[in-house]
Amino acid sequence: MTKIKSLFVALILSTGFSTAFAGGHGSTLDVVKERGKVMCGTNTGLAGFGNPNDAGVWEGIDVDVCRAVATAVFGDPNAVEFVPTTTKVRFTVLQSGEVDILSRNTTWSFQRDVELGFEFVGVNYYDGQGFMVRKDLGVTSAKELDGASICIQVGTTTELNLSDYFTAEGMTYEPVPVETNSEADAEYMADRCDVYTTDASGLYASRAGYPDPSQHVVLPEIISKEPLGPVVRGNDSEWADVVRWSLNAMIIAEEKGITSANVDDMIANSEDPEIKRLLGVTPGYGEWLGLSDDWAANIIREVGNYSESFERHIGVNTPINIARGLNALYKHGGILYAPPFR
Amino acid sequence: MIITNSNLKIHNYYKWLQRNLFSSWINSFLTIIALIFLYKVGTFFLNWTFFEADFRYNFQGDLITDRILCSKNIVPGEYGACWAIIFVRWDQFIYGFYPTEELWRVNLTFALLPLAIVGVLFDKIPFRKYFIYFTFIFPFFAYYMLYGGPGFTVVDTNKWGGLLVTLFLGVTGIALAFPLSVFLALGRRSKMPIIKSICIMFIEFIRGVPLITLLFTANVMLPLFLPDGVSPDNLLRALVAVTLFQSAYMAEAIRGGLQAIPKGQLEAAQSLGLGYWQTNRKIILPQALKIAIPPIVNTCIGLFKDTSLVLIIGLFDLLGIGRAALADMTWTKLYYEVYVFISIVFFIFCFGMSRYSLYLEKKLKTDNS
Amino acid sequence: MSVNNFKKYLFDEKVRSLFFQTLVIGIFAVIIYLVTKQTAYNLDKRGIGTGFGFLKIATGYDISISLIPYTSDDTHLRAYFVGLINTLLISICGCFLATILGFFVGIIRLSSNWLFRNIAYVYVEFTRNVPVLLQIILYYTILLYLPKIKDAIILFDTFYLTNRGLFSPSPIFKEGFSIVLFSFFASIFFAFLIKYFFKKKQEKTGKQYPVFYINSALIIFIPIIFYFLMGMPLDFNHPVLKGFNFKGGMVIRPEFIGMLLGLSIYTAAFISETVRSGIISVSKGQREASQALGLKSNLIMRLIIIPQALRVIIPPLTSQYLNLTKNSSLGIAIGYADLVHGFGGISLNQTGKAIEIMFMVMSTYLTISLLISFFMNLYNKSVQFKGNA
């Protein structure tokens, strides 16, 4: 009886461990290639950025960044598995190796870059923290919010910014801590708090899901710089380059007027040397990244350029309805600017 | 008065009423108040749950901002439960995000689970030996079914959710914790000071900290302790924490049983020349475990309830799915329905376990006396 | 001959146990060494430092419920204390409420009234078999749907019940109040003296004195007399609806009330079972003997049954207190700022120092539970039957 018991226990432990171990050492690019898919840390559900649709397919501009990387490495925008993360665990899943990229509307900050040991490889959305209140409160400016109850997601830069802003303005507030933005929505709708504060993009996304969006107004004050972008682990510059330039490829494509519709045409006919380098007509550039030469062309074909992704998920024709604003190309009045492809 | 059988019965009922409900003025007064209270609450609850409730199966669209929108046969002023949320999301509640084509695998595992446990729980059933064999094979079978492997597509554990996760954590946690707790209990009574102190330290440490801190530790710190690339998935980490937690509590329950064994048993075994492991295996443990079963079942009930804590580290157990369902704007106001449903599910399992424990206690009393 | 000696040596129990223990220590040492080395390597690779220096850095975030003054400029160490106080606060209030409710329900479970017995039974069974987390979330969600701030329910003209909390006037202590407070404690002290004095007198003469009434009068009236003597040094700060919230007064947040309700009602169910089995455990002979002595039933309860029952009730009762304290860590689910939520959650997230913070949090809980166990053991020793039972 004991023999069987111990054998049984040993079997259980070994099967448990065999599934648990996700094997593989070496650089992230090698690990990803061997695995056959990219592991992407996303939001648990933020419309427009990272949200599963009714069919369970993940959509959003953050999701598109991961799909772009998957396309660059494998040629297939679906060679990616999404791991939803709360603000609490997002950094630990990246640190532990459970995901290769964290594309989850994460703000690039000094402390995260330096102290937590990550690498921010670009900005795919320039955002800022804002406030949303009910229209019938009659408030027109954030400076009138003294004494209000404010729903705030814990463990975020938003929390720290809020505190700084109110101290600077000499106002006080009642913090109502929540874990996820859906919790915040519920408490805001129940009037547990007067104000919901998070990145302006999140406010627009939440508002789009309310039963009566026109009854809620986003106040004009943007009280912080929140450059949102994908994050990878530090000291793996090869992988960081892959992700960085996947994002840049999408931006440069928009600068150069390449879309998913005309990319093949561009490959065949364009005379612009930068386009030729980008789309792999001029060979060799993919190899430096450890990818095939048509990596960027694939991205543009499968995922689209930056504006296509933007308009598809959060543009003015979607319920979220955000204008390009700061996120327009530098040529069009915004600050979106990618390094030259040379 | 002629005392017939029926007269006697009526007389007995009357006496019972008098003694139990109306024994004094105060008592009668309070009984009447209690009856009124029961009537009001009972009818309200029954109305809400059944009679006025909306059992429409295929609810489509329309924001349920107000339950009246959902319930059509209402009397003005009353409203009923809108059970649509349970029906619409039924698959999520039971299976989580398990792919629909593979659901049959989960159903098969659920169906076979009672067969796996019945051999352990009841000892007077026919063919008990075969049931016990099945109990040993079942974990591998279940693992293969639920997770996948050659022949079946792999379904990652982050797609598991709802009742599947709750049962998985509960059953596997108890099964894995049991052997560990036996060793801990024996070790705690060992004569070797090192073993004894290690076991005591472990047990007291686990019993002194809340389960949530253990879950956080497993979630956040385990990756730090392990070599590169080794990254056990979320559900397994929770399982480790839950198993360790349960083993400490079970060990204390078993220790109580061990302490109740008269020293004479140990001495008799020694005089027969039995070694340490033989004594324990054949004499001490069977008796101790029998005595300790009620407290052990108590710890199992506690474990089953505690599996709900994994929602805090982002796993979607039954309660987590409930909360996620409520996060959807369409269903936000239906929190009573969701929480009542989840409470009933937990109640069925836990109350069932406590009834089993009472049955065992009764059986032991008649066995030993 | 020497082979035999060697065999004897090998099989000697002491030698075997020594060998086995050394092996175990060896294995543990190796594991600990490997784990530490791996952890240090991992921490280094991720660029996370170690050390408790972060405790001196300002947190930058605000805490919603705090009994001591705290702003976002305060250090993480102070955040730790705020969390600790919040945990202790809810644990003490919860234990208090749970005990009262638990004793009440436990006694009802023994009532002669069938209806009451079974209503209590249904309550106990239902509460014990549903997870405490679910109950806490349920109560909190119900509280969330109380009227909004503008439609507050007004109680007794001074309290406002809303979904942001229960707003009540806060006392302002003017000069001279300390004398009133002092007189209160002094009268309690005198009450003890009087009790002792009269008890001695009762033992000597057998005459009973209305000690209870004398003491109650003392404790109630002396402070009141001093209060008026000092010119009523108590004022109230009333909450007034201004702008978004009530200004002034004090507020009890729904997070706190939700946790309190969930924890107390849950733990009370367990305590009631303990109380019930404790009272049952007092042997019937005691009750019969006291009845034979002519004692009235409430005196029997008070002087004979309950003191003996307490002996059986206290150990499991303290373990229920411990459970309640550990369950208070669930505040994170509804936003109650206890130790695990604030320091263990937010600080951990913002600084990344998982190991140090978890170590501090776990040690805190361990210390609390060891303290409670220690006092329980002291009490247990003091009420043991001297000699054989």
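Is Y196(A) buried or exposed? At 1% relative accessibility, Y196(A) counts as buried (under 20% relative accessible area is buried, over 50% exposed and in between partly exposed, with a 1.4 Å probe and protein chains only). The model is predicted, with local features needing pLDDT of at least 70 and side-chain atom pairs pLDDT 80 or more, while totals for chains, interfaces and linings use all residues; side-chain values use heavy atoms, without hydrogens and water. Residues are numbered from 1 along each chain as its sequence is written, and chains are lettered from A and ligands numbered from 1 in the order in which they are written.

Now to the aromatic rings. Over all chains, a search of the whole structure finds 46 aromatic pairs. Rings of Phe, Tyr and Trp (its six-membered ring) pair if their centres lie within 6.5 Å; planes under 30 degrees apart count as stacked, over 60 as edge-to-face and the rest as tilted. Here are two of the pairs:

| Pair | Centre distance | Plane angle | Class |
|---|---|---|---|
| Y188(A) and Y196(A) | 6.5 Å | 40° | tilted |
| Y335(B) and Y145(C) | 4.8 Å | 10° | stacked |

Y188(A) is buried too, with a relative accessible area of 0%. Y335(B) is buried at 7%, whereas Y145(C) is partly exposed at 27%. In chain A, one aromatic cluster is formed by W245(A), Y285(A), W288(A), W295(A) and F341(A).

Charges meet rings as well (NZ of Lys or CZ of Arg within 6 Å of the ring centre and within 35 degrees of the ring normal). R324(A) lies over the face of F310(A), 5.1 Å from the ring centre, and the charged end of R207(B) sits over the ring of Y249(B), 5.8 Å from its centre.
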